[in-house]
Amino acid sequence: MVQRVAVIGAGVGGLVSVKCCLDEGLEPVCFESSEDIGGVWHYTDSTDDSRVSVYHSIITNTSKEMSCFSDFPYPEDFPSYLPHSLVLEYFRMYARHFNLLQHICFQTTVLSVRKRPDFTTSGQWDVVTETDGVCESHIFDAVMVCTGHYQEPYLPLASFPGIESRFKGQHLHSWEYRDAQAFRGKRVLVVGIGNTGGDLSVELSRVAAKVFLSTRSNTWVMSRLSDHGFPCDMVGTTRFNHFLDWLLPSALTRRIRFRKFNSWFNHTNYGLASSKSSKFKMIVNEELPFCLLSGTVVLKPNVKEFTEDSAVFEDGTTEENIDVVLFATGYNFSFPFLEESVHSVIDDNRSLYKCVFPPQLEKPTLAIIGLIQLTGSIMVGSEMQARWVAGVFAGWNKLPPPSRMMADVLKRKPPIKRNPSERENLKMSFISYMDEIAACAGVKPSVLRLLLTDPQLALAIFFGPCSPYQFRLVGRGKWSGARAAILTQWQRTLKPLRTRVVDDNSDSSSGWCWMCLLALPAALTAGFLFSKYPQPGWSPWAGPQL
């Protein structure tokens, strides 16, 4: 039986893992190499310790209602999209509320995690840690690795001839970036158009002499704001939309999605993407289109090579007098503390059973938390993983035999290994993955059952945002406040905007009621089809979805 659990890292994954272990009556001990909680959300001005941190100006891409812990909503006066300081404050509130800090050993580095000699029968691990130069050995029944995937900067210099041998300017990775002041008056080339590359290009355009943004990918740009100014993920990430994605032909849903993107601005005119492209990525950035339109950011194709002070692009054009090249090319993950027999088989999250358990182990006492990329919040996905894993360790949730887990991994694993800049195409559907893990943990809500017992809640779940509270309605860890949290999530979204109240006599509540009544047959049909006819293509590996 598992009792003592080692939790490695006190970021998002570590905090939820400690909490979930406590909920199941286990004894977690969390080891954190830094002096504080928060992981990458613990901002620091320094890059001396090689710890990955967010940049100063970052704002979350997912709204507070869609990225909170499932039994602990953000304060209602917090804005929908948050700076790093408020995210970290929320983590502190969570840790204090559930008394997590007493289970965390700060400034303690995990040096090695190895199977004990009797692992095939005990499933135990030898864990060696270092604190202030003193090493200590521990024995744990299970281990939860919560170091995430923002660990080692991915800097593919070999793909850019001349950057090291000829280019005389400065080059650096985005993990070294904190603010724009050091780039004032310079001509900057940003390589990579993920969320980070887009954000930094916009910020640099305010102080740099010129900013060039180089990309080899087709990219669709989304706004955090949806119609009528509501958070985009609350409007788009619904079970109803998810049902339509499953029901309608993929070619039609793709056409609808691209038309929606182009209704904001024509991506082909801006050189960003074509609706004919089969491979693409999506980023969130409200300001990038205007920067392109105003010329403060200039979009360029992939770099072919560098000269002493210039960048030559694959279309034959050249930009001269480049002072700085900023690589926003993502991160690699690694687990150097794991023994080689375990570490060597984890190529990416697709090497893991449901992106969590290494299937080769004789005993399922090692879990990787947070090594996922979703179309929604990774925080929410990490918490669901931790709930499932804690249930497995406590004996409530069962796993299939290793042979079946291995077969499932091989079936889902992509045929080629991709670098970090290409992982956008491997994002998993948020709702599909959450439902899959929730079903394993026995906490997936049934819309069909709720329609019979609580129609108001059922309609809010099906047509409203697929917020984390949905997964606290049933099963172990059921939260008595989940129903109220779901029915009041729009009020909490609007609350921080009520700093100046304007009279509005229009009554939208009656319209909502009529819409819910008219939608009742559709919800019943969808619930029946989902339960009776699961589709082979209905999986979290179906590709990017809204």
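Colleague: Which helix holds Q385?

Modeller: Q385 sits in helix α11. Keep in mind that this is a predicted model.

Colleague: What makes Q385 count as buried?

Modeller: Its relative accessibility is 0%. Buried means under 20%. So Q385 counts as buried.

Colleague: Which residues is Q385 in contact with, leaving aside neighbours within four places in sequence?

Modeller: K354, C355 and V356, then I368, I369, G370 and I372. Y433 and I437 complete the list.

Colleague: Why is α11 called roughly parallel to α13?

Modeller: Helix α11 covers residues 378-394 and helix α13 covers residues 430-441. They pack at an angle of about 15 degrees. Angles under 35 degrees count as roughly parallel. Therefore α11 is roughly parallel to α13. The axes are 9 Å apart, and the crossing is left-handed.

Colleague: Which residues make the contact of α11 and α13?

Modeller: From α11, V380, G381, M384, Q385 and W388. From α13, F430, Y433, M434, I437, A438, C440 and A441.

Colleague: How do those contact residues divide into nonpolar, polar and charged?

Modeller: Ten are nonpolar, two are polar and none is charged. Gly counts as polar in this scheme.

Colleague: What is the mean pLDDT of the chain?

Modeller: The mean is 90, and 90% of the residues reach 70 or more. Over residues 532-546, however, the pLDDT is below 50. That stretch has 44 contacts in the model beyond near neighbours in sequence.

Technical notes. Residues numbered from 1 in each chain as written. Predicted model: local features only at pLDDT ≥ 70, side-chain atom pairs only at ≥ 80, totals over all residues. Heavy atoms only, no water. pLDDT = per-residue confidence, 0-100. Contact = heavy atoms within 4.5 Å. Axes fitted to C-alpha atoms, helices over the stretch in contact; angles between N-to-C directions. Helix = DSSP H or I, 4+ residues; strand = E, 2+ residues; numbered from the N terminus. Parallel < 35°, antiparallel > 145°, perpendicular 65-115°, else oblique. Left-handed = near helix turned anticlockwise from the far one by under 90°. Buried < 20%, exposed > 50% of the residue type's maximum accessible area, 1.4 Å probe, protein only.
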